[in-house]
Amino acid sequence: AAAVLFNVSLNLISFHHLRFFSSGAMLMAIWQKGMVNTETTTLTREMMSSGEVMSWPKEWEGCVVDKHSTGGVGDKVSLVLAPALAACGCKVPMISGRGLAHTGGTLDKLESIPGYNIHQSAIKMLKLHMSLLILESVGCCIVGQTEMLVPADRVLYALRDATSTVDSLPLITGSIISKKGAESLSALVLDVKFGRAALYKDLQSAKELAQSLVNAGNGLGMRTGAVLSCMDATIGRFVGNSLEVIESLETLKGRGPDDLMELVTTLGGFLLMTTGSASNLSEGRKKISEAVTGGAALSKFQAMMEKQGVAKEMARLLCSAHSDYYSVLRKAKHQKELKTSAEGVAVDFDGLVLAEILHKLGAGRSKAGEPVNHSVGAELLVSLGQRVVKGEPWLRLHYEDPAPTTDQISRLQSALTVGKYDDAQTQHKMSLVKELMLN
């Protein structure tokens with residue numbers, strides 16, 4: 001049984017030496033038999049304890065928060081949410097990851113900003129320039145995982161890949177929640193996605209993952225909730241590293257798309273409610289929205305960039321009211337507009353097709369450690385529910401080398417579905433958030 005093998009393995013070895021122990025049988029047993037909640041929580045806690053666990057000043061008790069997304073297309077939520085939470089008085093030690101396959105990574109987006117340093121150690125997150133505390137002075141930072149943070153996860157992940165147990169629900173849960181537990185959070189919110197461009201294609205499978213993550217998070221003492229959101233098309237209109245930074249900055253200037261703001265305010269609102277900074281979700285959402293539209297979150301983002309290595313003048317230029325973004329960010333050498341083939345209403349768009357093609361054009365990576373081209377991406381020029389006329393530009397590709405092939409262009413054209421005009425449909429506001437799990 002999974003539980004017996006797991007407990008025996010824990011008694012025989014420490015996770016620091018896991019790479020020298022044959023744990024394939026344990027992983028296969030977990031994959032085949034699954035785990036009950038207490039076993040998953042124990043696994044997660046042991047993984048968390050395999051390396052350094054952060055500690056924060058006592059006065060921060062109750063206000064250290066973070067979020068995790070299971071990945072999507074155009075998912076730039078963290079770039080807006082972290083500074084918005086900081087503007088509302090939270091401390092956000094956000095440890096993020098890089099993109100792999102069609103899913104974009106927060107660190108890759110931020111590294112498209114010249115000078116932005118994601119390699120802040122846990123000590124630097126507390127102590128910067130020998131005197132200033134980055135979280136104390138700014139309230140948020142977005143960094144990469146250190147070598148000593150949950151080293152068991154790297155070992156187990158390599159073993160999971162070798163034993164074809166990557167899709168095990170308890171192992172996925174342990175991998176995600178152990179890293180958040182090592183941040184010593186007061187509260188955690190999870191954005192669990194389902195749909196064409198998500199890991200889980202249907203709502204029920206996503207709910208099972210969300211419940212497992214919530215149970216493990218609560219089991220480690222973090223007040224944890226989840227938002228189940230649809231990931232069929234894209235989040236916002238911009239996809240690609242530099243382009244998503246631009247859309248994030250536009251959002252922080254109060255000019256962001258509704259779907260992105262829906263996710264930002266819902267996730268942030270939950271955290272404010274959970275930490276007692278808001279009496280309910282509605283009040284929490286309002287506070288996050290005001291932090292964004294009022295400019296407080298933009299100021300936090302600018303300060304975070306400066307503390308993480310971006311030159312002050314560069315950060316100021318990016319955050320000015322009417323920025324020439326490409327005076328700072330890299331712009332692709334070529335742009336190509338695709339045009340609609342029919343008149344009607346844009347009723348659907350396959351975000352996975354766009355993500356896969358951008359990946360092949362250099363925006364993503366297939367293996368860890370591969371470089372990405374930060375300038376490659378795409379802009380959606382129409383919104384779902386919008387009326388379009390034949391021959392109207394609907395997508396602008398940003399590319400360098402290689403150029404998109406004829407087949408790729410054809411696939412992109414087929415990714416947009418134009419239906420018959422329906423006035424009621426165009427007036428219907430589409431929501432990405434489908435269900436809340438706030439226990």
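Colleague: Why does Cys 141 count as buried?

Modeller: Cys 141 counts as buried because its relative accessibility is 1%. Buried means under 20% relative accessible area, exposed means over 50%, and partly exposed lies in between (1.4 Å probe, protein chains only). Please note that this is a predicted model, in which local features need pLDDT of at least 70 and side-chain atom pairs count only at pLDDT 80 or more, while totals for chains, interfaces and linings use all residues. Residues are numbered from 1 along each chain as its sequence is written, and side-chain values use heavy atoms, with hydrogens and water left out.

Colleague: And Cys 319, buried or exposed?

Modeller: Cys 319 is buried, at 8% relative accessibility.

Colleague: How many disulfides did the search find?

Modeller: Zero were found in a search of the whole structure, a disulfide being a pair of cysteine sulfur atoms within 2.5 Å. Cys 141 is therefore in no disulfide: the nearest cysteine sulfur belongs to Cys 140 and is 7.2 Å away.

Colleague: Moving on to sheets, what is the order of the open sheet of three strands?

Modeller: The order is S10-S8-S12, and the pairing is antiparallel. Strands here are DSSP runs (E, at least two residues), as are helices (H or I, at least four), numbered from the N terminus. Two strands pair if DSSP finds at least two bridges between them.

Colleague: Which strands stand at the edges, and why is one side of each left without a neighbour?

Modeller: Strands S10 (387–388) and S12 (416–419) do; each has a single partner strand, so one side of each has no neighbour in the sheet. Strand S8, residues 344–349, pairs with S12 in the antiparallel sense over four bridges.

Colleague: What about the open sheet of four strands?

Modeller: That sheet has the order S6-S9-S11-S7, again with antiparallel pairing. Strands S6 (238–239) and S7 (334–339) are its edge strands, each pairing on one side only. S6 is joined to strand S9, residues 377–380, by two bridges, and Phe 238 has Glu 379 of S9 as its bridge partner.

Colleague: New topic: which residues of helix H2 are buried?

Modeller: In H2, residues 24–33, the buried ones are Gly 24, Met 26, Leu 27, Ala 29 and Ile 30. After H2 comes Gly 34, which has a positive phi, near 75°.

Colleague: Where is Ser 96 found?

Modeller: Ser 96 is in the loop between strand S2 (92–95) and helix H5 (106–111). This serine is buried, with a relative accessible area of 14%. Leaving aside neighbours within four places in sequence, Ser 96 is in contact with Thr 106, Leu 107, Ile 142, Val 143, Gly 144 and Gln 145.

Colleague: Last one: which helix does Thr 42 lie in?

Modeller: Thr 42 lies in helix H3, residues 37–48. Its relative accessible area of 28% makes Thr 42 partly exposed. Thr 42 and Ala 216 are 174 residues apart in sequence, yet 8.7 Å apart in space, C-alpha to C-alpha.

Definitions and conventions
Contact means heavy atoms within 4.5 Å.
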